[in-house]
Amino acid sequence: MTQTPPDPGADALGQARWICRPSSRPGRVGTGDDVAAPIFQRAFSLESVPRHAVLRIAGLGIHAIRVNGVPVGVGALEPAQSDPREVVYYATHDVTDLLGPGENTLEVTLGRGFFDMSTPDVWRWDRAPWRASPRLICALTGGDAAERAEQIESSESAEPVHTILVSDEHWTCGEGPVRFDSMYEGETYDDRCSPSDWGPVAVVSGPGGALVERPHEPVTVQPAVEPQWRRSATGWIGDVGQIMAGVARYDLPLETGQQVSVLFGEKLDEAGELVCANEHIYTPRFQTDILIGAGRRLHWQPEFSYKGFQYLSVTGLGRRPAAGEIIAVPLVQQVRDAVEFECDVPMLAQLVEVMRTTVLNNLHHVPTDTPIYEKNGWTGDVLVAMDTMSGLFDLQRLFTKWLDDVAATQLPSGQLAVIAPSPGWGYEHGECAPAPEWSCLLPGLLLHLADVYGDLGPARRHWQSCRRYLDWELTQIADGTDGSGGTIVADGNFGAGATGGGLASSELGDYLSPGYIDGPPPEDSRLSASCFLHRGLLQGAELAARLDAEPGAEEGRRGSREAWLGAAESLRGRINEVFLDREGGCYRTASDPHGQYRQTSNLMPLALGIVPEEMRTRVVESLVADVRRRDHHLNTGHIGTSLLLNVLTDAGFGADAFRVATQRSCPSWGSWLDLGATTMWERWDAGARSRDHFFLGTVVDWILTRVAGVRRIAPDWAVVRVQPGLVDGVSRCRTTRQTSRGVLTVDWDLSLGRLRVAVPEGMVCQLELGGPIVVAEAGESVWRIGDR
């Protein structure tokens, strides 16, 4: 992990005070019941402008800055979301060019964000334990030398960094045109309300978290998109041609008091009208901006929320929006692309791009569950998709930051929430908990960062959290019950006489498998919970071994490692005892739908090393038989979908995997594309709640590894296996991968019998070309592909 360099000006924040709207003004300090977004202002004078002026600021929930009336960092949704009791992220802005000699003004407007959520919702963000009136802390510093330590190249006579101003009791507070804002409901802008009613601020306590500079890439505004407009039953509908996450920019002439509403959404009904509602928030308003005119041209772009949408429904305007009057503005996390991919099967390349868009639409300081309905960081979604996500983008910094959010949800018992950050939701029965298939994200993502980026730093920092979590999971293993107090009855065809003791339990399982649109599938979720806990224990043991192997490491993890290995082996035995039908050669549960084979029930033991060796061939054969019996359709939810194609290909059934991946009828990715999908959907059917959800898009991991024939087989990309033609149906492929050791390029064409590789220094690249494995040296080389 790249270490953040020293920040010489950050000490100025230590001189600053948290400020807030005073209790004598509308609303009450500490309740968050204010309506209009407060504006904080400070005038200051400069004899001369320093060569470098830097503003460090954390405005909770979300801040919008203007220096001398010029926006700074508009649309960045700063500060990054967190549990503010643990950490508050401040943003850093170079404002040198916005300052001038003489009088200057710094103005900061604060929206609610997730700090002061007022919208009642199922996750209880409106009752978060930290909820309080929006508050601000900031410091403006200047100097003749660059403030970043690595940038200082000036002479010894350069002036040191000095403080220009900080937030304190000398600021004033007022209200302006943003009369309401909510991450879920949208924003209201009344152009009749100019900033006014200025008064003193209150100096208050902060939320308690340490002030830390945002460690990951910012969210920034991307080029605007002009919608295509058509008349609707209530006004006008605009189509931007692509599902995106962002806002609209408004430039409208409105009469005094004229009210225009803009609803954002992903789907149209049969009549062509926009439909958008959210059963998880308890107000009638959702994803709607309301604009109120003042008899002039209104210029505004929302700064305290974002929406997921392809369509905009405009009412109250009375005419078709003219060009440039309402335009869509994407907001995108500035993560670096990690792959280029092309092959001779257009659909596969299309799926890569569709997933790329979906992931970007769901990165806004945390990896989210849809930019429209939830905006929550669901741990299980990332657990199945993290290989795909980091295959597409360099997510080291964002994942590292989010692990801090995950660890911050830990209770004294060791339990983790299923969403991170969490306002206190996701721990109890009825709140999608417990669910090891979700919260085993902690050991899984720690090992992922070590394997993909060669970074054991997060594992060192979160070792105790990981230990406490896995130890807590072991205390939850049911002994002779189904996890809810009911006695287990074993099916006569498998697990004869088993009581079910020693199994984990879950409320979720293989979520949103075909035909089960309410979420959990019918099969016994103790199977998925136990399989993922088994893997989590092995991952924790592997982390313990690697940390103890570091130079200078203190002994102390061996006990945890041995205990977890033993628990994993015991869990493996119980899974096979209870769920393995040795006669039928498959895994099944007593609650499987009658006569149905559940692909995921077999994929998990196969992929996670649980199947007894003598049974592996039969379990694979039963899986392949079911895939073919379904005419090469999957029967999987989010877990099985992430495993199916890789398991088939690795077992030698790449042709079957290809037919599943390129299937066009439902359930399949092709059926989405035929319905016009530009992003991955949340469910397989056309009625999917969200059409911008990444956890079923894990076909892309198979494309980037098995189709491309490029697999990392040792941590930190130390060893890579290249195997052209692994998947029947693809004859030509080229991919470029950004790795922790440099850029790896693999380009093969079976019709020409040629492979070209460009290998970075420090990487061992093993080539399987139809004969004995050979090793390509660092640099570029061309090889002949033999008969396979």
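The model is predicted, with local features requiring pLDDT of at least 70, side-chain atom pairs counting only at pLDDT 80 or more, and totals for chains, interfaces and linings using all residues. Residues are numbered from 1 along each chain as its sequence is written, and side-chain values use heavy atoms, leaving out hydrogens and water.

**Exercise 1.** Determine at what angle H9 and helix H10 pack, and how H9 is therefore oriented to H10.

*Solution.* Helices are DSSP runs of H or I with at least four residues, and strands are runs of E with at least two, numbered from the N terminus. Axes are lines fitted to C-alpha atoms, for helices over the stretch in contact, and angles run from 0 to 180 degrees between N-to-C directions. Step one: H9 and H10 (residues 558–579) pack at about 155 degrees, with their axes 9 Å apart. Step two: H9 is therefore roughly antiparallel to H10 (the term applies to angles over 145 degrees).

**Exercise 2.** Describe the packing of helix H8 against helix H9, and state which residues make the contact.

*Solution.* Step one: H8 (residues 463–475) and H9 (residues 526–548) pack at an angle of about 145 degrees, and their axes lie 11 Å apart. Step two: the contact (heavy atoms within 4.5 Å) involves Trp463, Cys466, Leu470, Glu473 and Leu474 of H8. From H9 come Leu533, Gly536, Leu537, Gly540, Leu543, Ala544 and Leu547.

**Exercise 3.** Give the strand order of the open six-stranded sheet and identify its edge strands.

*Solution.* Two strands pair if DSSP finds at least two bridges between them. Step one: the order is E5-E4-E7-E2-E10-E13, with antiparallel pairing. Step two: strand E5 (70–72) and strand E13 (196–200) are the edges, since each pairs on one side only. Step three: within the sheet, E2 (residues 38–46) and E7 (residues 102–111) pair over eight bridges, and Ala43 has Thr105 in E7 as its bridge partner.

**Exercise 4.** Locate His365 and Asp716, and decide whether each is buried, partly exposed or exposed.

*Solution.* Buried means under 20% relative accessible area, exposed over 50%, and partly exposed in between (1.4 Å probe, protein chains only). Because its relative accessibility is 2%, His365 counts as buried. Step two: Asp716 lies in the loop between strand E31 (710–712) and strand E32 (719–722), and has a positive phi of about 60 degrees. Because its relative accessibility is 22%, Asp716 counts as partly exposed.

How values were computed
Parallel < 35°, antiparallel > 145°, perpendicular 65-115°, else oblique.
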